[in-house]
Amino acid sequence: MRKILVTGALGQIGSELTMGLRKTYGNDNVIASSRSKKEGHEKVMESGIFEILNITDGERLSEVVKKHKIDTIVNLAAVLSVVGEKNPARAWDVNMNGLYNVLEVARQESCSVFTPSSIAAFGLSTPQDNTPQDTIQRPNTMYGVTKVAGELLCDYYYTKFGVDTRGVRLPGLISYQTLPGGGTTDYAVEIYYEALKNKKYASFIAEGTKMDMMYMPDALDAITQLLEANPDKLIHRNAFNVTAMSFAPEEIAAAIRKVIPEFELSYDVDKEKQAIAESWPNSLDDTAAREEWGWNPKYDLDSMTKDMLEKLTIKLGI
Ligand code: AKB
């Protein structure tokens, strides 16, 4: 049985992945960690071991890994695109120095490592449609820079030291449990909350701007499937394109209108976020993930919308 450490365990992905991993591997075998405790996350903090851990502190990371005899680190602590542009130095520190610490401890303690990359690892010179697995990567955000460098650093630790590193390029993630923490794709989560609460939403992303997206249950499947994938079949390891759908604001609004016909979409475009969105692909080609480890998402825009609205209706007590 694996002994897993999840960093960033109280974030959008971590809070759900930790609970999922605990179901599969047992509560005692999945250690959740975060740089601080957070109200509303008692389930994650109390259903198994919880450690206060900031990944920029390599010594503390090493101590936690040794203390719990960790063999797998799922590194989800990261500063996302929009927040990263407000504080590039912090984005570099957490996303790069933090990842370096994770890989170094993994090398010393013989752990395997899962770290997500992102669609942010692409830039304006990348082919925008059906973006290939292996292509030009010249992102123009600090978050994107750290994601490309992170992919390369993980490759380096695999080829140089034999650390079993794996990762996927995640698109925008949509979930109803924990809010995302400052990304460009966050509009696609906000829109559901506002549709239920106010029947209208002003999108900070402009009409016609397509980005790849995925419902959280598929993202959790992607991570757990790749963790357990047969290493002999993995050619790409640290940076698999994965996607489940690609849409623009007016398309998600149309899907919401099938459930809430009176829903109204308007636009209040944020220049900085729009520029980031335009630098990212319209849609990814995820053939390599499908071929190398059987990636096959379950949710499309309509089935995700139906489930999101049902679950959020219960959560918000509407
Ligand atoms: C963001 O928008 O920054 C993230 C991402 C696509 O990596 N959701």
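From which domains does the shell around the ligand draw at least three residues each?

1. The shell around the ligand draws at least three residues from each of domain 1 (4–171 + 216–241) and domain 2 (172–213 + 244–316), the bounds of which come from an automatic or database domain assignment. This is a predicted model, in which local features need pLDDT of at least 70 and side-chain atom pairs count only at pLDDT 80 or more, while totals for chains, interfaces and linings use all residues. Residues are numbered from 1 along each chain as its sequence is written, and side-chain values use heavy atoms, with hydrogens and water left out.

2. Surrounding the ligand are L80, S81, S118, I119, Y143, G183, T184, T185 and W280, where a residue is near a molecule if one of its heavy atoms lies within 4 Å of it.

3. Polar contacts (pairs of N or O atoms within 3.5 Å) come next. An oxygen atom of the ligand lies 2.5 Å from an N or O atom in the side chain of S81, and an oxygen atom of the ligand is 2.7 Å from an N or O atom in the side chain of S118. On the nitrogen side, a ligand nitrogen atom is 2.9 Å from an N or O atom in the side chain of T185. Of the 250 Å² of accessible area that the ligand has on its own, the protein covers 92% (Shrake-Rupley method, 1.4 Å probe).

4. Elsewhere, six strands form an open sheet in the order 3-2-1-4-5-7 with parallel pairing, where strands are DSSP runs of E with at least two residues, numbered from the N terminus, and two strands pair if DSSP finds at least two bridges between them. Strand 3 (50–52) and strand 7 (165–166) stand at the edges with a single partner strand each, so one side of each is left without a neighbour in the sheet.

Note on methods:
Polar contact = N/O pair within 3.5 Å; in protein donor to acceptor, adjacent residues only side chain to side chain. Helix = DSSP H or I, 4+ residues; strand = E, 2+ residues; numbered from the N terminus.
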